[in-house]
Amino acid sequence: TTAVVDVDIGGNGKALQPLFKAVSKEFPALHLLGYSKADGEDAKVLFFALCPKDSALKANEWVSATLAEVGGKGGGTPQNAQGNGGAEGLDAAVAKAEELAAAALGEAVAN
């Protein structure tokens, strides 16, 4: 299963670690790219991804390619990654994330 979703954590990176652990434990086969916009006028968008071990889709590559759409940078491992970028271009970044996942996994992406 693959999902690209808006997660309402206000762009709070500190909230990610417990979220990563809970989602990975409950849904070990899930490919997830989540994004969360921080509050404020010049708000950044936090992106994070989880992918199962040995997946054709790598979380670090997925996040990096998505962040390129919003002028951001990220990093991590093939199983989990995160980064942030500007809010302008968010729709294009989400579309890119869905496109990359569908191409790598050959399945529809839920949102």
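Reader: Before we start, what does "buried" mean here?

Author: A residue is called buried when its relative accessible area is under 20%. Please keep in mind that this is a predicted model.

Reader: Then is Ser-36 buried or exposed?

Author: The relative accessible area of Ser-36 is 1%, so this residue counts as buried. Ser-36 is part of strand E2.

Reader: Which residues does Ser-36 touch?

Author: Neighbours up to four places away in sequence are not counted. Beyond them, Ser-36 touches Asp-6, Val-7, Asp-8, Ile-9, Gly-10, Gly-11, Lys-44, Val-45 and Leu-46.

Reader: And what does the side chain of Ser-36 reach?

Author: The side chain of Ser-36 comes to 3.3 Å from the backbone nitrogen of Ile-9.

Reader: Where does Ile-9 lie?

Author: Ile-9 belongs to the loop between E1 and H1. With 22% relative accessibility, Ile-9 counts as partly exposed. Along the chain, Ile-9 and Ser-36 are 27 residues apart, and their C-alpha atoms are separated by 6.1 Å.

Reader: What else is Ile-9 in contact with?

Author: Apart from neighbours within four places in sequence, Ile-9 is in contact with Ala-15, Leu-16, Ser-36, Leu-46 and Phe-48.

Reader: What about Asn-12, where is that one?

Author: Asn-12 is in the loop between strand E1 (2-6) and H1. Its relative accessibility is 37%, so Asn-12 is classed as partly exposed. A polar atom of the Asn-12 side chain lies 2.9 Å from the backbone nitrogen of Lys-14. Asn-12 and Val-45 are 33 residues apart in sequence, with a C-alpha to C-alpha distance of 9.6 Å.

Reader: Changing topic: how many aromatic pairs does the structure hold?

Author: There are two aromatic pairs. In one of them, the ring centres of Phe-20 and Phe-48 are 5.9 Å apart and the planes stand at 70°, so this pair is edge-to-face. Phe-20 is in helix H1 and Phe-48 is in strand E3 (residues 44-50), so the pair ties together parts that are 28 residues apart in sequence. Phe-20 and Phe-48 are both buried.

Reader: Why is the pair of Tyr-35 and Phe-47 tilted?

Author: Its planes are at 35°, with the ring centres 6.2 Å apart, so the pair is tilted. Planes over 60 degrees apart would count as edge-to-face and those under 30 as stacked. This pair links distant parts of the chain, with Tyr-35 in strand E2 and Phe-47 in strand E3, twelve residues apart. Tyr-35 and Phe-47 are both buried.

Reader: Now His-31, please. Where is its place?

Author: His-31 is in strand E2 (residues 31-37). Its relative accessibility is 8%, so His-31 counts as buried. The side chains of His-31 and Ser-55 make a polar contact at 2.6 Å.

Reader: Which residues does His-31 touch?

Author: With residues up to four places away in sequence left out, His-31 touches Thr-1, Thr-2, Ala-3, Leu-50, Cys-51, Pro-52, Ser-55, Leu-57, Trp-62 and Leu-105.

Reader: Leu-57 is on that list. Is Leu-57 buried or exposed?

Author: Leu-57 has a relative accessible area of 6%, so it is buried. This residue lies in the loop between E3 and H2. Leu-57 and Ala-103 are 46 residues apart along the chain, and 9.1 Å separates their C-alpha atoms.

Reader: And Asp-54, what is its phi?

Author: The phi of Asp-54 is near 70°, a positive value in a residue other than glycine. Most residues other than glycine have a negative phi. Asp-54 lies in the loop between E3 and helix H2 (59-67). With 69% relative accessibility, Asp-54 counts as exposed.

Reader: Last topic: how much space lies in the largest pocket?

Author: The largest pocket holds about 150 Å³ of space. Its lining has 13 residues, and Phe-20, Ser-24, Leu-50, Cys-51 and Gln-79 lie nearest the centre.

Reader: What classes are in the lining of the largest pocket?

Author: Eight of the lining residues are nonpolar, three are polar and two are charged. Helix H1 (residues 16-26) gives the largest share of the lining, four residues.

Notes. Residues are numbered from 1 along each chain as its sequence is written. This is a predicted model: local features need pLDDT of at least 70, side-chain atom pairs count only at pLDDT 80 or more; totals for chains, interfaces and linings use all residues. Side-chain values use heavy atoms; hydrogens and water are left out. On a 1 Å grid over the protein atoms alone, a cavity is a set of points where a 1.4 Å probe fits but cannot get out, and a pocket is an open set with protein on both sides within 12 Å along at least five of seven lines; lining residues have an atom within 4 Å of a point. Grid points are joined across faces, edges and corners, and a volume is the space filled by probe spheres set on the points. Helices (H or I, at least four residues) and strands (E, at least two) are DSSP runs, numbered from the N terminus. Ala, Val, Leu, Ile, Met, Phe, Trp, Tyr, Cys and Pro count as nonpolar, Asp, Glu, Lys and Arg as charged, and the others, Gly among them, as polar. Buried means under 20% relative accessible area, exposed over 50%, partly exposed in between (1.4 Å probe, protein chains only). A polar contact is a pair of N or O atoms within 3.5 Å; within protein, one must be able to donate a hydrogen and the other to accept it, and residues adjacent in sequence count only if both atoms are side-chain atoms. Contact means heavy atoms within 4.5 Å. Rings of Phe, Tyr and Trp (its six-membered ring) pair if their centres lie within 6.5 Å; planes under 30 degrees apart count as stacked, over 60 as edge-to-face and the rest as tilted.
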